[in-house]
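Subject: Structure for you to look at

Hello,

I am passing on a structure for you to look through. Please open it first and keep it beside this email as you read.

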Amino acid sequence: MDEVARKTRPQRVVWCDGSEDEGHRLVDGMVADGTLARLHPTAAPGCTLHRSHPSDVARTEHLTFIASRDKGDAGPTNNWISPSDARAKVGPLFDGVMKGRTMYVIPYVMGPLGSPFSRVGIEVTDSPYVAANMRLMTRMGEPARRQLGTSEGFVPGLHSTGDLSPERRYIVHFPEERLIWSVGSGYGGNALLGKKCFALRIASTMARDEGWMAEHMLILELELPGGETHYIAAAFPSACGKTNLAMMVSPFERQGYKVRTVGDDIAWLRPGTDGRLWAVNPEAGFFGVVPGTGPDTNPNAMATISHDTIFTNVAVTPDGIPWWEGKEKSAPPGLIDWQGKPWDGKSKAAHPNARFTVAARQCPSMSSRWEDAQGVPISALIFGGRRARLAPLVFESRDWEHGVFVGATMGSETTAAATGQVGVVRRDPMAMLPFCGYNMGDYFAHWLRMGRTLTRPPRIFHVNWFRTGHDGRFLWPGFGENLRVLMWMIERVKGTAAASETPIGLVPTPEALNVDGLGLGRADVERLLSVDRDEWASEVPEMRAFFDRFGDRLPPELSRALESLSRQVTTARV
């Protein structure tokens with residue numbers, strides 16, 4: 001801390017203790033200087049609004065780097081910079097950067113307190129907004145200092161908003177040193193260093209070295225009638241319905257099918273002594289995309305964010321009630337948009353990547369085991385994304401190795417969670433493309449190794465809630481009705497559900513999927529579950545081109561799986 005203070009030269013240094021009083025002081029200070037605005041005291045009690053600079057509203061993947069000694073260790077899907085070049089190019093940006101500012105020292109724990117899964121980090125930042133968010137997202141302050149004790153085993157992270165110039169914006173990860181630098185951005189994904197930077201990019205390298213997994217996955221609990229309980233982890237690219245699935249309201253609660261939330265974004269998974277894969281949610285809060293969230297789509301999220309929430313880049317009514325697209329069918333009059341201007345009624349009132357930050361304990365659907373130190377045993381893993389045409393509603397991999405291939409070849413249409421063009425299909429293996437801290441060829445090999453350590457591995461599935469008909473409308477109702485798909489998965493785990501063999505895996509027979517009451521005709525169900533060989537055949541060259549990027553780092557098992565798929569989809573129908 002002394003070294004950082006000498007370099008950044010803050011006006012004062014504050015060691016965060018994570019207390020309620022400290023939280024109030026942070027908020028009061030930001031309200032006083034205009035960083036935050038208090039929202040309506042009864043319609044949104046304890047809630048505040050932050051507006052980002054318009055150039056700083058999403059993760060900036062093109063400015064995010066892996067600083068490994070060997071370029072090959074970063075791999076072709078990461079931006080690489082050598083550690084020496086990073087220190088020469090980015091290091092000077094921290095010289096005197098905190099002059100006139102407060103330096104906040106934030107000790108924090110990722111994972112349940114006292115859990116063998118958990119790890120300690122220390123973020124140094126000049127942003128009170130970051131400190132307030134980290135207080136919600138992690139176990140911050142004294143609990144972290146106690147857990148760390150005299151150990152030096154923590155992940156250091158240095159952050160400054162700098163001058164918010166995109167020309168001086170860098171997020172750099174040093175995997176060999178377990179170190180994170182971030183400068184020039186105040187956006188959560190770039191600045192809350194415990195989240196994507198530590199819990200995924202750095203943690204993925206730790207997991208590779210130590211024999212566990214750090215994954216971009218929600219974790220949910222599904223209780224069946226009679227009390228039998230299963231846990232499912234699912235990987236989706238950002239803004240593809242992860243939070244909605246994690247906080248699903250069961251349409252069959254009265255029949256005994258109960259869904260509870262363990263985590264909505266990140267899972268740390270370890271092999272257990274029983275041969276199963278066990279998982280914890282390393283976070284203590286939610287940093288979720290709020291547009292599209294409403295009482296019909298996610299009532300649990302709406303209840304969670306009804307109080308004591310930090311909103312970022314939403315619209316507000318003149319009297320301070322937060323609003324975003326999807327909250328209600330029509331916008332209230334006099335809206336002020338996410339940039340603080342009168343809304344013109346044409347552009348988006350809230351930014352498409354507007355966010356909420358809130359403590360997980362406020363969520364009414366949280367599982368009683370969400371902070372279980374030993375984690376929860378995973379019955380099924382799900383991969384998914386947005387594909388308007390290609391992928392069926394659900395299919396199951398043939399085994400773990402085939403499941404790794406399914407995850408490695410995931411494609412999804414891009415969303416507003418990252419800067420760049422929206423609606424373009426890109427490969428996003430295991431939804432980890434922006435978050436894997438090392439060569440993804442080695443990452444695939446690690447997945448394969450992990451499978452060999454498990455005597456009772458979870459089943460692996462792929463879902464696509466976003467398939468459309470010829471009229472462009474979604475064929476599947478989604479949201480709570482996705483439970484019907486999860487029920488088929490658990491029946492497959494138990495060996496009681498029917499499936500048909502296809503070139504891509506095992507698809508439910510139309511009769512095996514419960515669609516009662518959805519108004520779907522037989523033709524709709526068959527369309528949802530159909531596997532078009534010609535479309536998959538056209539996908540194979542793109543998969544091959546993606547795999548070719550990894551050269552000899554690609555595990556041969558995946559090459560063989562791709563050639564097998566190619567043969568099956570190009571074989572004439574019998």
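Below are notes on some helices, a sheet, a strand and a few single residues.

One point comes before the rest: this is a predicted model.

Helices H11 and H12

Helix H11 covers residues 400–408, and helix H12 covers residues 440–453. The axes of H11 and H12 come within 9 Å and cross at roughly 155°. Angles over 145 degrees count as roughly antiparallel. H11 and H12 are therefore roughly antiparallel to each other. The crossing in which H11 passes H12 is right-handed. Which residues meet there? On the H11 side they are Trp 400, Glu 401, Val 404 and Ala 408, and on the H12 side they are Phe 444, Trp 447, Leu 448 and Gly 451.

Helix H16

Helix H16 runs over residues 556–570. The buried residues of H16 include Leu 558, Leu 562 and Leu 565. Glu 557, Ala 561, Ser 566 and Val 569 are buried in H16 as well. What do the buried residues of H16 pack against? They pack against H11, H12 and helix H15 (533–548).

Helix H13

Helix H13 takes in residues 483–494. The same check can be made here: 12 residues at 1.5 Å each should span 16 Å, and the end C-alpha atoms of H13 are 16 Å apart, which agrees. H13 is mostly covered, with nine of its 12 residues buried. The buried residues include a run from Leu 483 through Arg 484, Val 485, Leu 486, Met 487, Trp 488 and Met 489 to Ile 490. Arg 492 is also buried. After H13 comes Gly 495, with a positive phi near 80°.

Strand E27

Strand E27 covers residues 459–463. Four of the five residues of E27 are buried, so the strand is largely enclosed by the rest of the structure. Which strands pair with E27, and in which sense? Strand E23 (residues 376–384) pairs with E27 in the parallel sense over five bridges. In that pair, Ile 382 stands opposite Phe 461 of E27. Strand E24 (residues 394–396) is joined to E27 by three bridges, and these two run antiparallel. Val 394 has Val 463 of E27 as its bridge partner.

The loops on either side of E27

Thr 455 is in the loop between H12 and E27. Is Thr 455 buried or exposed? Its relative accessible area is 66%. Exposed means over 50%, so Thr 455 is exposed. Leaving aside residues up to four places away in sequence, Thr 455 touches Asp 274 and Gly 275. Thr 455 and Ala 349 are 106 residues apart along the chain, and their C-alpha atoms are separated by 51 Å.

Gly 478 is in the loop between E27 and H13. Its relative accessibility is 9%. Buried means under 20%, so Gly 478 counts as buried. Gly 478 and Leu 245 are 233 residues apart along the chain, and their C-alpha atoms are separated by 9.2 Å.

An open sheet

Five strands form an open sheet in the order E2-E3-E19-E22-E18, with mixed pairing. Strand E2 (37–38) and strand E18 (285–289) stand at the edges and have a single partner strand each, so one side of each is left without a neighbour in the sheet. E18 is joined by five bridges to strand E22 (residues 355–359), and these two run antiparallel. Gly 285 has Ala 359 in E22 as its bridge partner.

Two residues with a positive phi

Most residues other than glycine have a negative phi. Arg 9 has a positive phi, near 55°. Arg 9 lies in the loop between helix H1 (2–8) and strand E1 (12–15). With 41% relative accessibility, Arg 9 counts as partly exposed. Arg 178 is not a glycine either, and its phi is positive at about 55°. Arg 178 is in the loop between strand E10 (170–174) and strand E11 (179–183).

Regards

Technical notes:
Residues are numbered from 1 along each chain as its sequence is written. This is a predicted model: local features need pLDDT of at least 70, side-chain atom pairs count only at pLDDT 80 or more; totals for chains, interfaces and linings use all residues. Side-chain values use heavy atoms; hydrogens and water are left out. The expected span of a helix is 1.5 Å times one less than its number of residues. Buried means under 20% relative accessible area, exposed over 50%, partly exposed in between (1.4 Å probe, protein chains only). Two strands pair if DSSP finds at least two bridges between them. Contact means heavy atoms within 4.5 Å. Axes are lines fitted to C-alpha atoms, for helices over the stretch in contact, and angles run from 0 to 180 degrees between N-to-C directions. Angles under 35 degrees count as roughly parallel, over 145 as roughly antiparallel, 65 to 115 as roughly perpendicular and the rest as oblique. A crossing is left-handed if the near helix is turned anticlockwise from the far one by less than a right angle, and right-handed if clockwise.
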